[in-house]
Amino acid sequence: MSGNIRPLDNGRKVVVVGAGPVGCLAAIAFAKMNWQVEIYESRPDLRLPSSKAATQQRSINLAISSRGIAALRAVDASAADRFLETVIPMRGRMIHDRHGNLQSQPYDRDGQCINSIDRALLNEELLEEASAVPNIRLAFKHKVLSADFDQRVLVVQDVTSGTDTRVNFDLCIGADGSYSFIRRQLMRVVRMNFQQEYIPHEYIELKMPAGQDEHGKPAFLLDPNHLHIWPRHSFMLIALPNKDKSFTCTLFAPTVEFDRLITREDILLWFQNHFPDALSLLGEDKLLEDFKRNPRSPLITTKVMPYHYKDRCVILGDAAHSMVPFYGQGLNCGLEDVRVLLTLLREECVIPSAPMPSSGDPDFIDQKLCKALSRYSESRHEDVVAICELAMDNYVEMRHSVTTPFYIFRKALEDFLFSLTCPRPTSVSSMAEPLSRTAFPTVNPRGWLPLYTMVTFRPDISYATARRKAARQATILTTTARLGAVAVGATSFYFTLRALRWLWSERMTS
């Protein structure tokens, strides 16, 4: 074994490819189940100062909500509490119109919130947690060159030295992102349905610097407890708060719109027309610098099926289901993948502590592990498709619908029905025990539940269940509205007819 990887003790070994948040959480989870764990990451250690400048250029701030928090707590409750100390709660959307007027739209009647956290900071914290676990070994700048799942062997190259090493494993977890190498290798041994779609929109990150308070100390220029949105129908600007009092802003727009922003004058004039209040906070020079330095990045949706091969490999997170970021569920869904997989491993009584009886035999299959991975593929796919499609739908809501009277009225009506039928709030802490035993304990949620509440604040309800229930509720509202329109029309017709009869009788008597 190469360089900085110490030999592991005897026992079953899982190799995790990818040291992002999902890969780190999966590694910690398996290590706590007494697997021997190795993590291979092709990039340098994110915690090194030399790595941080690159990560600041193209990472949308993460919004971690109840699903992600539930997954963290299922693996390590104390670590989850430490992570939450670094977040900034956002209790609603703050809508900025063209004239600088503000409108707050709370996420939840009970004050539940989503939490803004810097992607790199979360990743660093998870790497620190993984580094502290004795049976986890990390190898950075180690690139996987090939994978033979039948022989349970990876070929890994130390990028620094150029040395290739054969790495044996009992289980391989691919958590290596949207352009996953492990997924491509998996396609060679399973009949994988694969769908990848680039939407005709892109994003670029901008930075809103901190201001100063009356004492000269750093201060937020906007309310830090909101996710700020400048919706402009076909495009939008959003801003999420950071601990240093700055905001990370992300501009989402059609590719053709970005193509028009060529010169300094083009960019400034466009912002003056569409985001005048944001421009004054961003600063012209800083805006132009960010446009020049930060790349335009694509938005991609990836759907695959299945996610596993026998008892040898499974893919998680963006490797299995990259999605557009408009529901804030990419990270949450990836972390939830880990929790769901853990519950299935427990249900199938997969015992990791002892080595396989026929270690080294390519024909041996751990039937319990194989069944757990098969159940994961079968059960998780519907949820993943649901949230990928909901995320795309939410783009229209964020950049346009939130400004319409119909949306505001419908949201108020749903909140009223929610309060009427579900008077008691449901907290993440109260779900901890059932979520550790069952992937999604609530199969038939009761009462009227807004879609956003189910997706964001109810980890006990699967994405697919949430989507089906929301569709039924939408049908009820639509049907009720149509019946109401018919009733109003019939009533109007009745009274009009009576008035005409009265006028006719008056004319006849006169």
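The structure is a predicted model, in which local features require pLDDT of at least 70 and side-chain atom pairs count only at pLDDT 80 or more, whereas totals for chains, interfaces and linings use all residues. Residues are numbered from 1 along each chain as its sequence is written, and side-chain values use heavy atoms, with hydrogens and water left out.

The protein chain has a mean pLDDT of 90, and 94% of its residues reach 70 or more; pLDDT is the predictor's confidence in each residue, from 0 to 100. Over residues 1-8 pLDDT stays under 50, and for this stretch the model has 23 contacts beyond four places in sequence, a contact being heavy atoms within 4.5 Å. The secondary structure comprises 17 helices and 21 strands, taken as DSSP runs (helices H or I, at least four residues; strands E, at least two) and numbered from the N terminus. Along the principal axes, the C-alpha atoms fill a box of roughly 110 × 55 × 40 Å. Of the 510 residues in the protein chain, 53% are buried; buried means under 20% relative accessible area, exposed over 50% and partly exposed in between (1.4 Å probe, protein chains only). Among contacts between residues at least 6 apart in sequence, 73% join residues at least 24 apart.

Aromatic rings were examined next. Rings of Phe, Tyr and Trp (its six-membered ring) pair if their centres lie within 6.5 Å, and planes under 30 degrees apart count as stacked, over 60 as edge-to-face and the rest as tilted. By this rule the count comes to 17 aromatic pairs. The pair of Tyr203 and Phe252 is tilted, because the ring centres are 5.9 Å apart and the planes stand at 45°. This pair links distant parts of the chain, with Tyr203 in strand β13 (residues 193-208) and Phe252 in strand β18 (residues 247-254), 49 residues apart. Tyr203 and Phe252 are buried. An edge-to-face pair is formed by Phe271 and Phe291, at 6.1 Å centre to centre and 90° between the planes. Here, too, distant parts of the chain are linked: Phe271 belongs to helix α8 (residues 264-274) and Phe291 to helix α10 (residues 284-293), 20 residues apart.

The charged end of Arg109 sits over the ring of Phe418, 4.0 Å from its centre, and Arg399 lies over the face of Tyr395, at 4.5 Å from the ring centre.

Helix α3 (residues 66-75) packs against helix α4 (residues 77-84) at an angle of about 140°, with the axes 5 Å apart. The contact involves Ile69, Leu72, Arg73 and Val75 of α3, and Ala77, Ala80, Asp81, Phe83 and Leu84 of α4.

Asn115 is placed in strand β7 (residues 114-117) and is buried, at 7% relative accessibility. Beyond its neighbours within four places in sequence, Asn115 contacts residues including Ile69, Val87 and Met90. Gln329 lies in the loop between α11 (318-321) and α12 (330-347) and is buried, with a relative accessible area of 2%. Its contacts outside four places in sequence include Ser65, Arg67 and Tyr463.

How values were computed:
Lys NZ or Arg CZ within 6 Å of the ring centre and 35° of its normal. Axes fitted to C-alpha atoms, helices over the stretch in contact; angles between N-to-C directions.
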